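This short report is meant for a reader who is meeting the structure for the first time. Please look at the sequence and the model before reading on.

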Amino acid sequence: MDVKSMKNYLYWLYCQFELITCSYLMEPWEKLLFYTFNITMLVTVLYTAYIFVPVHISMAFQFFLHLFGNQQENTVSVVK
């Protein structure tokens, strides 16, 4: 794929985005606020997913291991 067709494709995607969100009707300052808000929300969701999803997956994995009988041994050793 050459650069010109890629540029045209990205422009087509941008036009589709503007049509779907109706942002082509907005004034430039409204677009700036709209895009800033949307990018901020996207970054917040991605950051939260990056921080919390691995923890929840690990906890779910440990829960199912415990549920199916593969219990982890205690790290405290018994002294006789």
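Which residues does the UniProt annotation "transmembrane region" cover? According to the unreviewed entry, the annotation covers residues 32–53; such annotations may be inferred rather than shown by experiment. Over residues 32–53 the chain is 100% helix and 0% strand, and the C-alpha atoms at the ends are 31 Å apart.

The model is predicted, so local features need pLDDT of at least 70 and side-chain atom pairs count only at pLDDT 80 or more, while totals for chains, interfaces and linings use all residues. Residues are numbered from 1 along each chain as its sequence is written, and side-chain values use heavy atoms, with hydrogens and water left out.

Helices are DSSP runs of H or I with at least four residues, numbered from the N terminus. H1 and H2 pack at an angle of about 95°, with their axes, which are lines fitted to C-alpha atoms over the stretch in contact, 14 Å apart. The two helices H1 and H2 are therefore roughly perpendicular, a term for angles of 65 to 115 degrees. Contact (heavy atoms within 4.5 Å) involves these residues:

| Helix | Residues in contact |
|---|---|
| H1 | Tyr14, Phe17, Glu18, Thr21 |
| H2 | Lys31, Phe34, Tyr35 |

The side chains of Glu18 and Lys31 also form a salt bridge at 2.8 Å, N to O, where the rule asks for a side-chain nitrogen of Lys or Arg within 4 Å of a carboxyl oxygen of Asp or Glu. Glu18 lies in H1 (residues 3–21) and Lys31 in H2 (residues 28–67), so the pair ties together parts that are 13 residues apart in sequence. Both Glu18 and Lys31 are buried, meaning under 20% relative accessible area with a 1.4 Å probe and protein chains only.

Methods:
Buried < 20%, exposed > 50% of the residue type's maximum accessible area, 1.4 Å probe, protein only. Axes fitted to C-alpha atoms, helices over the stretch in contact; angles between N-to-C directions. Parallel < 35°, antiparallel > 145°, perpendicular 65-115°, else oblique.
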